[in-house]
Amino acid sequence: MSPNRQALLLSSSNCHGYSMLEFAKQEICSLLQSINVTNLIFIPYAQMDYDKYTAKMKEVIEPWGFKVTGLHTYPDPVDAIDSSNAIFIGGGNTFLLLKTLYDNNLVKLINTKVNSGNLVYIGSSAGTNVATKSIHTTNDMPIIFPPTFEAIGIVPFNINPHYIDVLESATHKGETRDQRIAEYMEMSHAKPVLGLREGSILHIEGNKLTLKGIAGAVLFKAHEKKIEYPVGSDVSFLIFS
């Protein structure tokens, strides 16, 4: 694994009180500028209307000084990724996203290029889910089936984007996010789960993991109480969990 590998994993592209991606603008721009990115490939596979989704991202990111091109517009997605130095995988349905990545033979390629330090990875929501060990802790409905839940594996643990606490004033009496994660933790294949609050960003630099953005995260491990980590926390120990 290269010490030069870089990734930003966002809980979401939207955060209350901010326009789309505004809370992450500084981190995204600094990272892309550091490797002189001129063209950012956007992977819209988590939604069905690729053109509309890509246009939405272009509208936000291109004024920052980076050209955005949808992966679906290239004749060969493998060649496109192989010759790129930065990608952004957007949110939507995680099951649909992972299936389409497998259908296009991109999962192993992205893993290899990111971990060798030759491809910067930015993911949001579903794009963050597929960057982890598996998609077992997504919040999405299984509207379609990927060949496996095993994902790209940039990090060896799982993430739960959009993590939200139980509110004492809540009238909803259905299962909470904590209960759903606890169900996963009872499985023999369970990995630690980092719950990213809205506005939280996990910055990966080699084997260093730092929480950035405007909100922290919560860590779940089997047979242990959840632990809160504020913005600025070093959670690099998760690489070796």
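What is the accessible surface of the protein chain, and what share of it belongs to carbon and sulfur atoms? The surface comes to about 11,200 Å², with 52% belonging to carbon and sulfur atoms. Accessible areas come from the Shrake-Rupley method with a 1.4 Å probe, and for residues only the protein chains shown count as cover.

The model is predicted: local features need pLDDT of at least 70, side-chain atom pairs count only at pLDDT 80 or more, and totals for chains, interfaces and linings use all residues. Residues are numbered from 1 along each chain as its sequence is written, and side-chain values use heavy atoms, without hydrogens and water.

Along the principal axes, the C-alpha atoms fill a box of roughly 50 × 35 × 35 Å.

Of the 241 residues, 51% count as buried, meaning under 20% relative accessible area (1.4 Å probe, protein chains only).

The largest nonpolar core has 44 residues. Such a core is a set of buried Ala, Val, Leu, Ile, Met, Phe, Trp, Tyr and Cys residues joined through side-chain atoms within 4.5 Å. Ile-110 is among the residues with the most contacts inside this core. Leaving aside neighbours within four places in sequence, Ile-110 is in contact (heavy atoms within 4.5 Å) with residues including Ile-43, Ile-81, Leu-101 and Tyr-121. Another core, of 26 residues, lies apart from the largest one and includes Val-37, Val-68, Ala-86 and Ile-201.

How values were computed:
Buried means under 20% relative accessible area, exposed over 50%, partly exposed in between (1.4 Å probe, protein chains only).
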